[in-house]
Amino acid sequence: MVKIFEVTRDARLLQQYYDLRERCYREELELDDFDGSEEPLDRDGDILLVHQGGQCIGGARISPANSIPFELPELQGAAVRYCVWERFAVAPEHRSLQLIRDFNAGLIECSIALGYDRALVLSSLRNARFYRQCHSALGVEFEIRRPVPEISTGAFAGLEHYLSLSRLQPLETPLQLAA
């Protein structure tokens, strides 16, 4: 069955994504109180979903970098447009290396289409290393910059956070995104 990657406002698919991210964050990050329901940044940003047969199997939010609630020296005086990739979730039963690579390709292509030059990612070191491998396979630079423990607040208190940077560039073999 064909997997469709698209930025969408379809309420049914978005609700499936919100439910999926809640399930993933509660089970995998052991954030028992995590509420995956729609957040203001979901409405202000763009949600890239992958779905198959009408069922959402993964998603992530692409937000403007000015949406992050803390200061980053990396953004001071920047002449390029930054976005933030957030709330990444893929259904465990659908995870594969190829799907995650394709999803990273989709994030890159969508972010470029939305006018961004760079993407910031906040994640565990383990995930940052995995994202770097995916970007490497796509020929896109991905740099793990530094730990940012000061942002571990609220539901995410106590989790490690590393800041990474993707230098967005068109892919040699683009992923076919839904129009």
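Throughout these legends, contact means heavy atoms within 4.5 Å. The model is predicted, so local features are given for pLDDT of at least 70 and side-chain atom pairs for pLDDT 80 or more, while totals for chains, interfaces and linings use all residues. Residues are numbered from 1 along each chain as its sequence is written, and side-chain values use heavy atoms, with hydrogens and water left out.

**View 1. Helix H3 meets helix H4.** Leu97, Ile100, Arg101, Asn104, Ala105 and Ile108 on the H3 side touch Phe130, Tyr131, Cys134, His135, Ala137 and Leu138 on the H4 side. Nine of the residues in this contact are nonpolar, two are polar and one is charged (Ala, Val, Leu, Ile, Met, Phe, Trp, Tyr, Cys and Pro count as nonpolar, Asp, Glu, Lys and Arg as charged, and the others, Gly among them, as polar). Two packed helices are described by the angle between their axes and the distance between the axes. Here the axes of H3 (residues 97-113) and H4 (residues 125-138) come within 9 Å and cross at roughly 75°. Axes are lines fitted to C-alpha atoms, for helices over the stretch in contact, and angles run from 0 to 180 degrees between N-to-C directions. The two helices, H3 and H4, are therefore roughly perpendicular (that word covers 65 to 115 degrees; under 35 is roughly parallel, over 145 roughly antiparallel, and the rest oblique).

**View 2. The whole chain and its sheet.** Four helices and seven strands make up the secondary structure of the protein chain, in the sequence pattern β-α-α-β-β-β-α-β-α-β-β. Helices (H or I, at least four residues) and strands (E, at least two) are DSSP runs, numbered from the N terminus. The seven strands form an open sheet with mixed pairing, in the order S1-S2-S3-S4-S5-S7-S6; two strands pair if DSSP finds at least two bridges between them. At the edges sit S1 (4-7) and S6 (142-147), each pairing on one side only. From one strand to the next, the twist averages 25°. Of the contacts in the protein chain with a separation of 6 or more, 70% come from residues 24 or more positions apart.

View 3. Strands S2 (residues 46-52) and S3 (residues 55-64) run antiparallel and are joined by seven bridges.

View 4. Which strand is largely enclosed by the rest of the structure? S3 is, because eight of its 10 residues are buried. S4 is mostly covered too, with eight of its nine residues buried. Buried means under 20% relative accessible area, exposed over 50%, and partly exposed in between (1.4 Å probe, protein chains only). For the protein chain, 47% of the 179 residues count as buried. S3 and S4 run antiparallel and share six bridges; among the partners, serine 63 pairs with valine 84 and arginine 61 with glutamate 86. S4 and S5 pair in the parallel sense over four bridges, and valine 84 stands opposite leucine 120 in S5.

**View 5. Helices against the sheet.** H3 lies across S1, S2, S3 and S4 (82-90), running at about 150° to S4. H4 packs on the sheet as well, touching S4, S5 (118-123), S6 and S7 (162-167), and its direction makes about 165° with that of S6. S4, H3 and S5 make a right-handed β-α-β unit; right-handed means that, with the strands pointing away from the viewer, the path from the first strand over the helix to the second runs clockwise.

View 6. Alanine 65 is found in the loop between S3 and S4 and counts as buried at 7% relative accessibility. Arginine 126 lies in H4 and, at 69% relative accessibility, counts as exposed. Its C-alpha atom is separated by 9.5 Å from that of tyrosine 162, 36 residues apart along the chain.
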